[in-house]
Amino acid sequence: HGIIRRVVGKRAQEGDLGARLMVDPDVLAEPFPHYDALRAQGRLVDSGIALASAHHDVATAVLRSQDFGVGMRMPENLAGVMGLAVKAGGRWTLGPVQPPSMLAVDPPDHTRYRKLVTRAFSARAVAALRTRTEEIATDLLDGMAAKPGDTADLIEDYASLLPATVIAEMLGAPVEMSRQFLEWGAGAALSLDAGLSYPDFKRSELDLEALNSWMLGHFETLRRNPGDNILSALVTAYDQGDRLTEDELISIAMLLLAAGFETTVNLIGSGAALLMEHPDQLAVLQAEPDRWGNAVEEMLRVESPVQRTGRIAHRDTEVCGIPVAAGTVVVLLIGGANRDPEVFTDPHRFDVTRAEAGENIAFSSGIHYCLGAALARMEGEVALRALFDRFPDLAPAGPAHRRPTRVLRGYEALPVTLTRAS
Ligand code: HEM
């Protein structure tokens, strides 16, 4: 993995903006000015390694285009570098974002996987989970209120546990596993970033291995004792014939689990931070609770939990009139597209009443549009409403820490006081 790190590092030193976006620590803390600069350089900017865009129309066009896909077979050493695949004990340990993950394959496989899981995440299925999600929120808030000292870490005590518990229940896993999932998930998330350090690479590998072997054991449990959950249905589909291979089964399960909490935690954490920073916006929501849905869209827009994704051109093509050669990798800066002034007026302003907030592409677009979008929106709204209903004076108590990841944006720690000192 030294090679990519050196190449990217050298280009970054030379001031290449596309490369800096991948490695520069300042960019991690505050990527938005850098997206603005990249957007000003052009619609599709050549960083030497890939083309990159922070334009909303370009990002949307690429994501929706049939000339682009996600499937690419990388040489094994390179795949290791990118953290896209990890070799362990002579067999591939499948992580949530490498083939045959849904996210990393093109049709027809993509279509086949997605069909198997779509129903469990439909708007109707999600609506049925709302009451249970409200109960989970209440339990977690009770736990926070019962802690001595009137302070809490909003990420550890609330934002991470709520989605982890919901997805654990959806997958038929014991609820006590939620905390363990979060630990493994944090390691797995490191592998999304390029130029990973060796200790991070190792950690990521170990956590993925642990998650993998737990998952294999869980399948056995579900075979003996099937429940009314999405994984039992998948295990049955696998057992009943040729609809899924074992690798496909593990891969779908790992993606559902990891995607189920690694991203929503950031929506809840960043959303809470935004409302604490902007009491006027919280006041709008307290006066007009109907606006919560739009507020969640606005949070997804300004603090997109997934900051970027990528596609590869499968054939010579063009995007918004710009020619792109077959084999070209295009990096789409979702966080930049969501602050494109051509679509969003005064784009850096957080405004829960913004009419065009829903134009954001935080959940991507096209055939890989987030399967869990309805679930994430519901969880975000339920979690934040319950939080500010219970603790309307919630305030920061000490410095917040950002996650060290670039693809995923959010907080690792967010200390708060539950009530204002009188
Ligand atoms: C795909 C974002 C929550 C499951 C995606 C993609 C994005 C995304 C951007 C597409 C990436 C691409 O086009 O390359 C988010 C955000 C979330 C969230 C911002 C929370 C705020 C969830 C949840 C689940 C989930 C709760 C539930 C299990 C998935 C799956 C895919 C996906 C399975 C792959 C879909 C496919 O390839 O067809 N998500 N996600 N996500 N997401 Fe989410």
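**Entry 1: the five-stranded sheet**

I began with an open sheet of 5 strands, whose order is β1-β2-β10-β7-β3 and whose pairing is mixed. I noted that β1 (45–46) and β3 (68–69) stand at the edges with a single partner strand each, so one side of each has no neighbour in the sheet. Strands here are DSSP runs of E with at least two residues, helices are runs of H or I with at least four residues, and both are numbered from the N terminus. Two strands pair if DSSP finds at least two bridges between them.

Before going on, I wrote down that this is a predicted model, in which local features need pLDDT of at least 70 and side-chain atom pairs count only at pLDDT 80 or more, while totals for chains, interfaces and linings use all residues. Residues are numbered from 1 along each chain as its sequence is written.

I then went through the pairs. β1 and β2 (residues 51–53) pair in the antiparallel sense over 2 bridges, and Val-45 has Ala-52 in β2 as its bridge partner.

Contact means that the C-beta atoms of two residues, placed from the backbone, lie within 7 Å.

**Entry 2: the whole chain and its core**

I listed 19 helices and 14 strands for the protein chain. Of its 422 residues, 45% are buried. Among contacts with a separation of 6 or more, 70% are between residues 24 or more positions apart.

The largest nonpolar core has 108 residues, and Leu-162 and Leu-256 have the most contacts inside it. α14 gives the most to this core, with 11 residues. A nonpolar core is a set of buried Ala, Val, Leu, Ile, Met, Phe, Trp, Tyr and Cys residues joined through C-beta atoms within 7 Å.

I followed Leu-162 further. Leaving aside neighbours within four places in sequence, Leu-162 is in contact with Ile-136, Ala-137, Leu-140, Ile-268, Glu-379 and Ala-383. Leu-162 is also one of the buried residues of α10. In helix α10 (residues 161–170), 9 of the 10 residues are buried, so the helix is largely enclosed by the rest of the structure. Just after α10, Gly-172 takes a positive phi of about 70°.

**Entry 3: around the ligand**

How many residues lie around the ligand? I noted 23, with Ala-259, Thr-263, Ser-364, Cys-370 and Gly-372 coming nearest. The elements giving two or more residues to this shell are α14 (246–262), α15 (264–277) and α19 (373–390). The largest share, 4 residues, comes from α14. A residue is near a molecule if its C-beta atom, placed from the backbone, lies within 6 Å of it.

By class, the shell has 15 nonpolar, 7 polar and 1 charged residues. Ala, Val, Leu, Ile, Met, Phe, Trp, Tyr, Cys and Pro count as nonpolar, Asp, Glu, Lys and Arg as charged, and the others, Gly among them, as polar.

**Entry 4: backbone details**

I looked up a cis peptide bond, which joins Pro-107 and Pro-108 with omega at about 10°. Pro-108 is in the loop between β5 (91–93) and α7 (109–117).

Asp-150 has a positive phi of about 60° although it is not a glycine. This residue sits in the loop between α8 (123–146) and β6 (151–153). Cys-320, also not a glycine, has a positive phi of about 45°, and lies in the loop between β8 (317–319) and β9 (322–324). Cys-320 is partly exposed, with 13 C-beta neighbours inside 10 Å.

Methods:
Buried ≥ 20, exposed ≤ 12 C-beta atoms within 10 Å, placed from the backbone.
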